[in-house]
Amino acid sequence: MTQEFDVIVIGAGAVGENVADRAVQGGLSVALVEAELVGGECSYWACMPSKALLRAGEVVHAAKTVDGAAQAVTGEIDVHAVLKRRNSFTSDWNDSGQVDWVRGAGIDLVRGHAVFTGVKELSVTGSDGSVSKLTARHAVVVSTGSTALLPDIPGLADAKPWTSREATSAQSIPERFTVIGGGVVACELATAYATLGSRVSVVSRGALLANQEPFAGEAVAESLRSLGVELHLGASPASVERRPDGVVVTTLDDGATLEADELLVATGRLPRTSDLGLETIGLEPGEWLRTDDTLLVLGADGKPLEGEWLYATGDVNHRALLTHQGKYQARAAGDVVAARAKGEPVDDAPWGRHVATADHDAVPQVTFTDPQVASVGLTAAAAEKAGHSIRVVDYEIGNVAGASVHTDGYKGTARAVVDEERKVLLGVTFVGPDVQELLHSATVAVVGEVPLSRLWHAVPSYPTISEVWLRLLETYGRDASA
């Protein structure tokens with residue numbers, strides 16, 4: 001028997017859940033298909049467990065940087081308690097709570113692996129081998145996310161390395177830990193494992209956090225070294241071997257060798273599209289699903305598939321591989337699917353209700369290292385490459401009164417990238433303790449294209465770290481009059 005729904009969403013992670021919820025709120029019937037745990041990567045193997053692993057070390061370090069509080073820190077981090085707390089955030093990898101939410105939202109949950117059998121048609125195979133046939137009246141939305149990339153390094157696959165999944169769900173902390181990669185996942189998990197007692201080595205072909213402003217990666221590198229992390233920057237693994245005693249030996253291209261109990265590979269992501277039967281509908285398996293700004297999937301000709309029925313949200317479309325950005329896309333996609341299904345007007349102009357315009361140049365991101373790195377919009381290098389006429393304004397956050405109260409010897413940097421023609425912000429980066437809470441104000445300024453002349457009237461409270469906004473504007477004004 002074939003079940004028919006207005007919309008079928010493949011993938012019940014945070015993104016797919018939001019697509020389904022918005023479509024149901026728009027008056028449509030929705031089937032949500034999931035082969036693993038409802039809640040997906042973010043809930044069980046990424047955002048939540050990784051931040052839980054980081055938090056204890058962050059709190060202890062914060063206390064140690066305030067005289068009076070520092071004297072109260074007399075013990076070591078309780079690793080067992082940290083792992084137990086992390087497990088609580090994942091509900092011990094039990095998704096019953098999220099299943100209850102899905103059903104309470106009026107969404108039909110179908111357990112199993114979905115494969116396209118035709119236009120708007122899917123076959124779903126359950127864990128028991130049973131097969132369900134599903135048909136969508138209006139749309140299918142692919143929200144299957146991404147998986148870790150394992151680079152082609154001799155011996156790597158046979159060494160059974162960890163990916164972010166194993167690193168965020170481990171029930172014990174290895175004595176020695178090697179990390180391959182220099183991006184967000186690599187830096188966050190190197191920080192977490194170092195604070196939890198591992199002797200960590202990081203191997204990166206380039207600088208850390210290479211897509212951020214250079215001072216961000218430099219600050220994180222300094223912090224990791226202070227935690228005892230051994231950094232091998234500008235180096236690449238030549239081979240990997242797991243010996244019979246379980247030790248993983250990584251040989252670098254300069255001949256140096258690193259021994260560890262576990263090896264984490266954090267070098268990039270691949271789309272989860274290889275086993276969806278995309279060839280059945282004229283798409284290439286294993287490829288990212290390119291979309292327009294309403295999240296309609298584009299074919300090889302750059303146009304939406306005939307009938308405009310297939311959408312992709314979250315990591316799988318490669319627009320911005322961040323949970324919050326995927327949920328933003330989900331809201332737009334769920335709403336536009338409902339509007340098109342009911343013949344209602346579609347607001348697809350830039351910044352309209354039914355588009356994900358912010359994916360292009362206004363993406364906020366926090367790297368939860370210590371110090372944190374919080375950024376939105378374009379870096380100076382990206383802005384110049386895009387052809388903007390810019391001015392870069394830097395300010396040391398530690399010179400702000402609120403920062404000095406917050407942390408003794410506060411070290412941090414703020415950077416604003418200004419479009420000199422329009423006098424608006426193209427990008428903002430903060431590096432320092434607790435700067436993540438400054439980011440949304442920067443995001444509003446960038447997305448809203450708030451003129452600097454008006455931003456001057458947004459008065460920061462005293463004494464808070466937010467006063468750095470005033471100092472950035474003052475510095476810009478002095479530079480302009482010089």
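Visitor: What is the volume of the largest cavity, and what makes it count as a cavity?

Guide: In this predicted model, the largest cavity has a volume of about 50 Å³. It is called a cavity because a 1.4 Å probe fits at its points but cannot get out, and by the rule of 30 Å³ or more the count comes to one cavity.

Visitor: Which residues line the largest cavity, and which helix supplies the largest share?

Guide: The lining is made up of Val393, Ala416, Val418, Leu425, Leu452, Leu455, Trp469, Leu472, Leu473 and Tyr476. At least two lining residues come from each of β20 (413–419), α14 (452–455) and α15 (468–481), and the largest share, four residues, belongs to α15.

Visitor: How many residues of this lining are nonpolar, polar or charged?

Guide: The lining has 10 nonpolar residues, with no polar and no charged ones. Ala, Val, Leu, Trp and Tyr are among the kinds that count as nonpolar, so a lining residue such as Trp469 or Tyr476 falls into that class.

Visitor: What does Gly326 touch, leaving aside residues up to four places away in sequence?

Guide: With those set aside, Gly326 touches Val15 and Gly314, and contact here means heavy atoms within 4.5 Å. As for Tyr311, which is 15 residues from Gly326 along the chain, the C-alpha atoms of the two are separated by 13 Å.

Definitions and conventions
Residues numbered from 1 in each chain as written. Predicted model: local features only at pLDDT ≥ 70, side-chain atom pairs only at ≥ 80, totals over all residues. Heavy atoms only, no water. 1 Å grid on protein atoms, 1.4 Å probe; cavity = no way out; pocket = protein on both sides within 12 Å on 5 of 7 lines; lining within 4 Å. Points joined across faces, edges and corners; volume = space filled by probe spheres on them.
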